[in-house]
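Subject: Structure handover

Hello,

Here is the structure for you to look over. My notes follow below it.

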Amino acid sequence: MNKIIVKAGNVTFGGDNPIVVQTMCNTPTQDIDASFEQCMRLSKAGAQLIRLTTQGMKEVAALKIIKERLRDAGIETPLSADVHFTSDVAIAAAEVADKVRINPGNFARDHETAREQFRRLTEVCRERNCAIRIGVNHGSLGERIIDKYGDSPLGMKESALEWINMAQEFNFDQIIVSLKASNTRVMTDAYRLLYKEFESMGVAYPLHLGVTEAGNGESGRIKSAVGLATLLSDGIGDTIRVSLTEDPQKEIPVASYIASYFSDRKRNFIIPNIYRKGSDPAVIEASYSEPDWQSFILRAACDLGPLMLDNIADDVTLKVTIGGSAAKDEDISRFRDELLQASRRKFTKPEYIACPGCGRTLFDLETVFEEVKKRTSHLKGYNIAVMGCVVNGPGEMADADYGYVGEGRNKVSIYRGKTPVYRSVPQDEAIDKLLSLIEEDARNKVFRPRLG
Ligand code: SF4
């Protein structure tokens, strides 16, 4: 297979090149000082590419200054412009950035305009040695694709393929493709479908892997590790981002661990004893001895997650030693519950979808998300989203039953599925409003919790 190598600034993606670790600023790009400082910190922490929200021409201008200041400070980390909705902005951003991320689902109003604007974008990118990420997301596919294939892994694959074909037609090969979803099953199915297509085309473009809106803490780390490991152990994936609703600096050690664990891009875990009695579930027996808890959860999620997600095993019994002492039973049991939920095998608590926040977020997402989790922890079987903005949030919370979506400064919209039920709710009343909507719906049987 012809493996296409893509360059963005000083970083090379694809083929046998190492897996690239990337992240995204959560500062408003127009706040040049804050974004510059965050880029400095992220770069020093090990980010090999940094993406910044670039929603308009003012952000393109700010991005230019941030890049110049970084280069003056001796930081060569490539910058990627994250563009949604405005193809002219993508074309302008290509004059400045090392890579431009576009979302086929919202690049332009209609397909003909999208095609023409994409052609213009590839011309600028060719001229400037700028790469393009075709960033398809479950939940923000274009209407035409949804009508034909549904909001499904197949639809995601077909959407990416359409843009890959256009890039080929325009003789532009510096593209990286992502097919992200917050549901690990949807995400892994989509990438596998596309990779199969690459095999039949005889050409593979670099793939950017990510579980979107993975949340925070142990759940976010385990969910990300399960999705990424399932693909990396198949040899699929060239660059990764772990999306956590936390300071983006905290994403880097998690992504670096996963990238180095799969540096040879194959399953490096010997499948342990899996025992099954009659029709009982197939249970893995595994032992770990790790220096700290964080290494344990990442390593075990990388090893066991793919087996769970691919239905090779149904459950796990674990012996765990951390720093020479046996881990507590309650910690092991919490990890097991998280692993089973991340692998979509057993749901013991609500499923949360929380975006990592970016320059479009106008509230303290991390604190609000923690509060929502605390107040909704009894809602097992529900899928609850906390999203930073109304621009992309509603589209990206594809699987959510209910959503808390930032609408502007101190204003929140409360969603049932994709429908806003309450708009412009003051932020200090928003969680109460979300809970009262859920309770009212349960009373009126408008909605029943679903699993899976
Ligand atoms: S949903 Fe979150 S991460 Fe996505 S654009 Fe909005 S604030 Fe940024």
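At what angle do helix 8 and helix 10 pack, and how far apart are their axes? First, the ground rules. This is a predicted model: local features need pLDDT of at least 70, side-chain atom pairs count only at pLDDT 80 or more, and totals for chains, interfaces and linings use all residues. Residues are numbered from 1 along each chain as its sequence is written.

**Helix pair**

Helix 8 (residues 217–232) and helix 10 (residues 293–309) pack at about 55°, and their axes are 8 Å apart. Helices (H or I, at least four residues) and strands (E, at least two) are DSSP runs, numbered from the N terminus. Axes are lines fitted to C-alpha atoms, for helices over the stretch in contact; angles run from 0 to 180 degrees between N-to-C directions. That angle makes helix 8 oblique to helix 10 (under 35 degrees is roughly parallel, over 145 roughly antiparallel, 65 to 115 roughly perpendicular, the rest oblique).

From helix 8, the contact uses E218, R221, I222, A225, V226, A229 and T230. Helix 10 brings I297, L298, A301, C302, G305, P306 and L309. Contact means C-beta atoms, placed from the backbone, within 7 Å. These contact residues divide into ten nonpolar, two polar and two charged (Ala, Val, Leu, Ile, Met, Phe, Trp, Tyr, Cys and Pro count as nonpolar; Asp, Glu, Lys and Arg as charged; the others, Gly among them, as polar).

**Four-stranded sheet**

Helix 10 also lies across strand 14 (283–290) and strand 15, at about 155° to strand 14. Both strands belong to an open, mixed sheet of four, ordered 13-14-15-16. Strands pair if DSSP finds at least two bridges between them. Strand 15 (residues 315–322) and strand 16 are antiparallel over two bridges. I322 has S325 of strand 16 as its bridge partner.

Another open sheet has eight strands, paired parallel in the order 9-8-7-6-5-4-12-11. Strand 9 (175–180) and strand 11 (208–209) each have a single partner strand, so one side of each has no neighbour in the sheet. Strand 8 (residues 131–137) runs parallel to strand 9, joined by six bridges. N137 has K180 of strand 9 as its bridge partner.

**Ligand**

The ligand is surrounded by 13 residues; the closest are C355, C358, G388, C389 and N392. Here the cut-off is a C-beta atom, placed from the backbone, within 6 Å. By class, the shell has six nonpolar, five polar and two charged residues.

Best wishes

Notes:
Contact = placed C-beta atoms within 7 Å.
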